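This report covers the packing inside one protein chain. Please keep the sequence and the structure in view while reading.

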Amino acid sequence: MTDQSGLPADELLDIVDERDEVVGQAPRGEAYARGLRHRCVFVLARDGAGRIFVHRRTATKLVFPSRYDMFVGGVVGAGESYDTAALREAEEELGVSGLPAPTPLFRFLYRTPEHSWWSAVYEVRCDLPVEPQAEEVAWHAFLTDEELTARLPEWDWVPDGLEAYERLTGTRDETGGRQ
């Protein structure tokens, strides 16, 4: 059985508490349906010119379909480390192999009434030609920091990725809003 993202709904995830300590396990589909806190990775991929890989998610994605994102990434499997998941997800979503290990930047707890996950943010340089997964990525381009900043108010972004980007760039104030 697969969910709308094409990934196994029975893929096992670690369920974690507010301190990011494992308190149990659940299948992906159950974790999403019940709003159980789990782990995710966000990887900012830059090309050799320093431009950021930006994409629009497919309409079939279970969470945040058809929205734009400046990160590649996804859930961390049960027993998997953040570092391992970051490399796996970056290579899968970009459609490449042989990436260097992504550099860890910071972690934060993403929380809304519907969703909650510990988020590890990374950066990686990708000098390889990308062939994004058609099941995951409907459109993509590498944008300069300035081009991305200009699109922030124009495009419908995934909220967790937007929060991660605002934290990364320092444009999120102490109360959680944009400066």
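In this predicted model, helix α4 (159–169) has as its buried residues Asp160, Gly161, Leu162, Glu163, Ala164, Tyr165 and Glu166. These buried residues pack against β3, β4, β5 (68–69), β7, β8 and α3 (145–151). After α4 comes Gly170, with a positive phi near 75°.

Helix α4 also gives two or more residues to the largest nonpolar core, which has 28 residues. Within this core, Met70, Phe71, Leu148 and Trp157 touch the most other members. Besides α4, the elements that contribute two or more residues are β1 (12–16), β3 (38–46), β4 (52–57), β7 (103–111) and β8 (116–125). In soluble globular proteins, nonpolar side chains tend to be buried together. Beyond four places in sequence, Trp157 contacts Val54, Arg67, Tyr68, Asp69, Met70, Leu148, Arg151, Leu152 and Leu162. A separate core holds 22 residues, including Ala45, Tyr82, Trp118 and Ala120.

Aromatic rings form 11 pairs in the structure. Two of the pairs are set out below.

| Pair | Ring centres | Plane angle | Class |
|---|---|---|---|
| Phe53 and Phe142 | 5.5 Å | 65° | edge-to-face |
| Tyr68 and Trp155 | 4.3 Å | 25° | stacked |

The Phe53–Phe142 pair is edge-to-face because its planes lie at 65°, over the 60 degrees required for that class. It joins strand β4, which holds Phe53, to strand β9 (residues 137–143), which holds Phe142, across 89 residues. Phe53 is buried at 0% relative accessibility, and Phe142 is buried at 18%.

The Tyr68–Trp155 pair counts as stacked because its planes are 25° apart, under the limit of 30 degrees. Tyr68 lies in strand β5 and Trp155 in the loop between α3 and α4, 87 residues apart. Tyr68 is buried, with a relative accessible area of 17%, whereas Trp155, at 21%, is partly exposed; the cut-off for buried is under 20%.

Phe42, Phe71, Phe106 and Phe108 make up one aromatic cluster. Ser119 sits in strand β8 and is buried at 0% relative accessibility. The side chain of Ser119 reaches the backbone oxygen of Trp117 at 3.4 Å.

Where do the cysteines Cys40 and Cys126 stand, buried or exposed? Cys40 is buried, with a relative accessible area of 7%, and Cys126 is buried at 2%. The structure holds zero disulfides.

Methods: Residues numbered from 1 in each chain as written. Predicted model: local features only at pLDDT ≥ 70, side-chain atom pairs only at ≥ 80, totals over all residues. Heavy atoms only, no water. Core = buried A, V, L, I, M, F, W, Y, C linked by side-chain atoms within 4.5 Å. Buried < 20%, exposed > 50% of the residue type's maximum accessible area, 1.4 Å probe, protein only. Helix = DSSP H or I, 4+ residues; strand = E, 2+ residues; numbered from the N terminus. Contact = heavy atoms within 4.5 Å. Disulfide = S-S within 2.5 Å. Polar contact = N/O pair within 3.5 Å; in protein donor to acceptor, adjacent residues only side chain to side chain. Phe/Tyr/Trp six-rings, centres within 6.5 Å; stacked < 30°, edge-to-face > 60°.
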